[in-house]
Amino acid sequence: MTTTNAHQKLAGKPSKPTAKRKTAAKPTRKSLLIKALSKAKPVTAARIATALSLQPHSVRAAISGLRKEGLVVETIKSPSGGPASYKIVPQAEESAKQGNGS
C-alpha cells in the first residue's frame with residue numbers, strides 16, 4: 001500500500017480502484033466433456049475419466065445429464081464385448097436419421 005492510499009483510507013476517502021487482470025475463464029469439466037464427445041471419433045468413458053480426473057461412473061452420469069439437457073449422445077457398443085464408446089450426434093445428422101418429420 002502506498003502512503004497516499006494509506007492516507008486516503010485513514011481519511012475515509014475511497015482509494016482508486018486497481019486494475020484487475022482479465023484472465024481467461026478456466027474451462028469446466030462439462031465443457032471439456034462436450035468437447036471430447038464432439039470429436040469425430042467416439043471415446044470411451046474410461047478415456048474421458050482419465051483426461052478429466054474423474055471416475056468412469058461419474059463420466060457416465062455426466063453424459064446422462066447432457067442427454068437431459070437435450071444433447072443427443074450416441075452410445076456405440078463394442079462388437080467384441082469391450083467398453084462402450086460415446087459421441088455427440090450433431091443436430092442436423094439426428095434429424096436426418098429421424099426423417100423429415102412429414
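These are my notebook entries on what I looked up in this predicted model.

**Ground rules.** I number residues from 1 along each chain as its sequence is written, and I keep in mind that side-chain values use heavy atoms, with hydrogens and water left out. Since the model is predicted, local features need pLDDT of at least 70 and side-chain atom pairs count only at pLDDT 80 or more, while totals for chains, interfaces and linings use all residues.

**Overall layout.** I looked up the secondary structure and found five helices and three strands, where helices (H or I, at least four residues) and strands (E, at least two) are DSSP runs numbered from the N terminus. Read from the N terminus, the elements run α-α-β-α-α-β-β-α. I then looked up burial and noted that buried residues make up 18% of the 102 residues in the chain; here buried means under 20% relative accessible area, exposed over 50% and partly exposed in between, with a 1.4 Å probe and protein chains only. For contacts (heavy atoms within 4.5 Å), I noted that residues 24 or more positions apart account for 38% of those in the chain with a separation of 6 or more.

**Helix α2 against helix α4.** I looked up how helix α2 (residues 29-37) meets helix α4 (residues 56-68), and found that their axes come within 11 Å and cross at roughly 85°. The axes are lines fitted to C-alpha atoms, for helices over the stretch in contact, and the angles run from 0 to 180 degrees between N-to-C directions. The two helices α2 and α4 are therefore roughly perpendicular, on a scale where angles under 35 degrees count as roughly parallel, over 145 as roughly antiparallel, 65 to 115 as roughly perpendicular and the rest as oblique. From α2 I listed K30, L33, I34 and L37, which meet V59, A62, I63 and L66 of α4. By class, this contact of α2 with α4 has seven nonpolar residues, no polar and one charged; Ala, Val, Leu, Ile, Met, Phe, Trp, Tyr, Cys and Pro count as nonpolar, Asp, Glu, Lys and Arg as charged, and the others, Gly among them, as polar.

**Helix α3 against helix α4.** Helix α3 (residues 45-52) packs with α4 at an angle of about 105°, the axes being 8 Å apart, and α3 and α4 are therefore also roughly perpendicular to each other. I found A45, A46, I48 and A49 on the α3 side and P56, V59 and R60 on the α4 side, which by class gives six nonpolar residues, no polar and one charged.

**The salt bridge.** I looked for salt bridges (a side-chain nitrogen of Lys or Arg within 4 Å of a carboxyl oxygen of Asp or Glu) and found that the structure holds one. It joins the side chains of K30 and E69, at 2.9 Å from N to O. K30 lies in helix α2 and E69 in the loop between α4 and β2 (73-76), so the pair ties together parts that are 39 residues apart in sequence. K30 is partly exposed at 41% relative accessible area, whereas E69 is exposed at 54%.

In helix α2 I picked out L37, which counts as buried at 0% relative accessibility. Apart from neighbours within four places in sequence, L37 is in contact with V43, I48, I63, L66, V73, Y86, K87 and I88. The C-alpha atoms of L37 and K87 are separated by 4.7 Å, although these residues are 50 apart along the chain.

I found P42 in the loop between α2 and β1 (43-44), partly exposed at 31% relative accessible area. P42 and Y86 are 44 residues apart in sequence and 5.2 Å apart in space, C-alpha to C-alpha. In strand β3 (residues 85-88) I looked up S85, which counts as buried at 15% relative accessibility. Leaving aside neighbours within four places in sequence, S85 is in contact with P42, V43, T44, E74, T75 and I76.
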